Each structure stands twice: as C-alpha cells, then as structure tokens.
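Visitor: I have a model open and would like to learn how to read its features. Could you walk me through a few of them?

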Amino acid sequence: MKQVKITAIRKVQHEDLMARYENPIEHACDIEEGQTWISENGQCPEGLCPEAWKTMREFVEALAHGEGNFYDGWMRNPNSAMISCNDGFRPVSFYVETIADELQTDRLLLRRWKESDAEVLYKYASDPDVGPRAGWPAHQSIEESREVIRNVFSSDTVWAVVLKETGEPIGCMGYFTHETSNISIGVNDCEIGYWIGKPYWNQGICTEALRLMLDYCLNEKHFEHIWSDYFTGNPASGRVMEKCGFRDTGKLNRCSHLLGGDKDMVRVMLYEG
C-alpha cells in the first residue's frame, strides 16, 4: 500500500460571512498553507483536522490502493487529487498525491534513506573528492551524516542509490521543485541532482540511476520541463547528463550558497529526451 502526501495549498477566511452568521463550527481547524501530512496505509494522519479527513478519506484510500486516475485526465499528475474541505467559513484546498518509496533497475534500488544508513553515508560522503564537486562540504563525522539524513534526506524527493548486489547505499538521487531549485525554473518544472561514491565512478551507475529518476519525473510526477546543472570544473557530471538526453542551454549560473559556488559557475542543462 502506498504512502499518500497531503498538502494544504490554499486557505480562505470569509470574515464577512463569519460576522453575518453564527459560526456552526466552534473550534476551527488550525491549518496553515503549505502544511503537509503523510497518510500511512490509507489512515488519517496525526494532526489533520477530522472534518477535512471526512472530505478526502475516499480519495486518500483510493490512492493508497493504487486507484489514482481521478478526473478523467484533468489533473497533471494522475496519481493525485484536488480536494476542498466542507467548512464554508474557512475552506481549505488540499492536494493529495502518492509517494513512491522505491524505484529499481536490475542492478540498482532507489529507496528512502534510513538513520541506520549514517555509517555507510559517512564512508562515501567524507571523501573530499565527492561532496565539493556537488557543492557541499565533506562530512566530518557519522553523527553529521545522521543529521543530514534526518534534516535533508528525509524529504520525499530524495532517494538513496542502493547497489542490489551489496544492499548498501552508494550515493544519492533526487529532485528540487520550483521553490527549492538552485536555478530559475518554471512552477511545473524540476531540477535533478545526484552524487555517487567514488569507488563506483565510471561504471555506468550514475547514468542508470539518472535514467530511472527521469522516468519517475516524467511518467509519475509529470513535470513539464526537467533541468539539471553541474559545476564547470566537473565535466564528468555533464557527460552523464548528455548520455541521458540533456542538452547544454548555454546558460551559466552562479550558486553562491553552494560550496565553491562563489568561484565556479554551474552550467544549466535541459532534458530533451
């Protein structure tokens, strides 16, 4: 059964109606725009308003069971639904969507990171030849790697790249949305980012994992455009992108918030298939 993510995307407060009529709901839901919940096994997540759950329950249960083709193709993502709660004084619109926990090829498994991965993450992320090429500093301790898993890799847009032969995470793959991208992209676009541990370079693993993520972004998330970028001092990453169907846009971008971003530019790439 699939996990389902619930996001409050719009909240309206009808003060004029509340002043004109007696409010039929004494205790209003304390929901903020952008707030998210994760439903496990089609159940109401902790902290979600019971009245809102009544409205969306059948949709969430259907998505959890893989029955997500709502609205005859009207939605951009068929594994999703748009729902509004039934409080006429304080209506809230929600976007509900399935979360893919695992993606795989014959050789690789993309799964969610676990805190128990901290030691092996440190083994590869502590290499000074890995992180700085992607714009982040080498990890200094296992505890730092554990904190990264808790606070960064816990996102539902990030996967551990696991080599099936060993069962060990050897890298990371994920995407950024319009709100979190390092470059300027459209609201229906994404930017893919990745890294692979040094012992596994030049084995086609990064290319294989990137193609898997592209398939997910195109056929599951239905993004309009898919972008990526790499530091000009790391052309090997650009060659991986080109193998997977990206083209050089000719644009260079300065990402000063990234390690080394104040010295080296990133080359912007666009997927064309």
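Visitor: Where is Gly42 placed?
Guide: Helices (H or I, at least four residues) and strands (E, at least two) are DSSP runs numbered from the N terminus. Gly42 lies in the loop between S2 and H2. This is a predicted model, in which local features need pLDDT of at least 70, side-chain atom pairs count only at pLDDT 80 or more, and totals for chains, interfaces and linings use all residues. Residues are numbered from 1 along each chain as its sequence is written, and side-chain values use heavy atoms, with hydrogens and water left out.

Visitor: Does Gly42 count as buried or exposed?
Guide: Buried means under 20% relative accessible area, exposed over 50%, and partly exposed in between (1.4 Å probe, protein chains only). Gly42 has 4% relative accessibility, so it counts as buried. Gly42 and His65 are 23 residues apart in sequence, while their C-alpha atoms are 7.9 Å apart in space.

Visitor: At which residue does helix H2 bend?
Guide: A bend at a residue is the angle between axes fitted to the seven residues ending there and the seven starting there. H2 (residues 50-64) bends by about 60 degrees at Met56. Met56 is also one of the buried residues of H2, which include Trp53, Phe59 and Leu63. Just after H2, Gly66 takes a positive phi of about 85 degrees.

Visitor: Which strands do the buried residues of H2 pack against?
Guide: Contact means heavy atoms within 4.5 Å. The buried residues of H2 pack against strands S1 (3-11), S2 (36-39), S3 (80-84) and S4 (92-99).

Visitor: What is the strand order in the open sheet of eight strands?
Guide: Strands of a sheet pair through backbone hydrogen bonds, either parallel or antiparallel. Two strands pair here if DSSP finds at least two bridges between them. The eight strands run in the order S5-S6-S7-S8-S9-S10-S12-S11, with mixed pairing. S5 (103-104) and S11 (246-253) stand at the edges with a single partner strand each, so one side of each has no neighbour in the sheet.

Visitor: In which sense do S9 and S10 pair?
Guide: S9 (residues 190-196) and S10 (residues 226-231) pair in the parallel sense over two bridges. Trp227 in S10 is the bridge partner of Glu191.

Visitor: Why does Ser237 count as buried?
Guide: Ser237 counts as buried because its relative accessibility is 12%. Ser237 is found in helix H7 (residues 235-243). Leaving aside neighbours within four places in sequence, Ser237 is in contact with Tyr194 and Tyr230.
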